[in-house]
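Subject: Structure handover

Hello,

Here is the structure you will be taking over. Please open it first, then read the notes below.

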Amino acid sequence: VLLYLLGEVGVGILTGKFVGRYATVAAPAMMAAVALGLPGMVLNVRRILSGVVAAALACSAVFAFNNPRAANEDFRGAAAYLLARRATDETVLLVSGHFAPVFAYYYGPTGWAAIPDAPLLDVRNALDYASAAGALNQALEGKRGAWLLRWQDEVIDPTGVARELLRSQSVAFSPDAIVNTFAGLSIWHFRFNDAWRVLPDPVVLAEGQ
C-alpha cells in the first residue's frame, strides 16, 4: 500500500496530474497496514533493547569476574598460607578484628587474636597507642614473632600504630612481605629481637599540666 501511494504521488508530481483522491483512497488501507504491523514493530524494538541490555550485563559480569580489583577477599588462601608458616612461638593478628569469624572458619579457633576484639567495623574502635599497646601485650605475651593480617585497616588503624609497635621490636621486619597475593588482604611478618617486651602504659598528664 505504501509503495502504491508513493507511486501515485510520484506520478502526480511528474505529470502534474496529482489529485487529492489518491491520498484519500490509499490512506485507509495504508493506515490499516501500519496498525496491523505496529505491534510487531514494538515487539521487535523490545527484543532489540532486551538483547542490548542482556549483552551489556553479560559484558559487565565478565569484566567484574576477571577484574582482580573486584575479586572477593581470599580469606581461605590467607588462612592456609599462615597455617603452613606460623611458628609455634608466633601469633596471627587480625586488623581489623571484625573479620575474625570468617578467618576462624578457615584457620581454626586458636593461634590468632583480633585487634580490636569487636564484632563490627566502627570508627569508634580506631586504634590509638593505649588500645593497640594493651591488645598487643595481651596477644603477644611470651611470643617471639607475629603475622599481621590486614583488612579494612584504613578504618581501624589509619595511622598504622599496630604495625609500628610491632616494627619497634623487630629486626627481621619485611615490609609488605605479601601484598595482593590474597585479594584484598596484606600480610606482614615480624620476628622480634627477643620475646615480646611489654609496652608501657601511656603517660596520662594531670589536669593543668
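Helices (H or I, at least four residues) and strands (E, at least two) are DSSP runs, numbered from the N terminus. Read along the sequence, the pattern is α-α-α-β-α-β-α-β-α-α-β-β. That comes to seven helices and five strands.

Some ground rules. This is a predicted model: local features need pLDDT of at least 70, side-chain atom pairs count only at pLDDT 80 or more, and totals for chains, interfaces and linings use all residues. Residues are numbered from 1 along each chain as its sequence is written, and side-chain values use heavy atoms, with hydrogens and water left out.

Overall figures

The protein has 209 residues, and 33% of them count as buried. Buried means under 20% relative accessible area, exposed over 50%, and partly exposed in between (1.4 Å probe, protein chains only). The accessible surface is about 13,200 Å², with 62% of it belonging to carbon and sulfur atoms. These areas come from the Shrake-Rupley method with a 1.4 Å probe; for residues, only the protein chains shown count as cover. Contact means heavy atoms within 4.5 Å. Among contacts with a separation of 6 or more, 69% are between residues 24 or more positions apart.

Cores

In soluble globular proteins, nonpolar side chains tend to be buried together. A nonpolar core here is a set of buried Ala, Val, Leu, Ile, Met, Phe, Trp, Tyr and Cys residues joined through side-chain atoms within 4.5 Å. The largest has 22 residues. L93, L136, L140 and L166 have the most contacts inside it. Strand 1, helix 5 (129–139), strand 3, helix 7 (161–167) and strand 5 each supply at least two residues of this core. Leaving out residues up to four places away in sequence, L166 touches L93, L136, L140, A146, L148, F190, F192 and W196. Apart from this core lies another, of 17 residues, including F75, A79, F182 and L185.

Aromatic rings

There are nine aromatic pairs. Rings of Phe, Tyr and Trp (its six-membered ring) pair if their centres lie within 6.5 Å; planes under 30 degrees apart count as stacked, over 60 as edge-to-face and the rest as tilted. F99 and W151 have ring centres 5.5 Å apart and planes at 90°, so this pair is edge-to-face. F99 lies in the loop between strand 1 (90–95) and helix 4 (100–107), and W151 in the loop between strand 3 (145–150) and helix 6 (153–156), so the pair ties together parts 52 residues apart in sequence. F99 is buried at 3% relative accessibility. W151 is buried too, at 14%. Ring pairs link F75, F99 and W151 into a cluster.

Polar details

Which residue makes a side-chain polar contact with H189? It is E90, at 2.9 Å. A polar contact is a pair of N or O atoms within 3.5 Å; within protein, one must be able to donate a hydrogen and the other to accept it, and residues adjacent in sequence count only if both atoms are side-chain atoms. H189 lies in strand 5 (residues 186–191).

S170 is in the loop between helix 7 and strand 4 (174–179). S170 is buried, at 11% relative accessible area. A polar atom of its side chain lies 2.9 Å from the backbone oxygen of R191.

Best wishes
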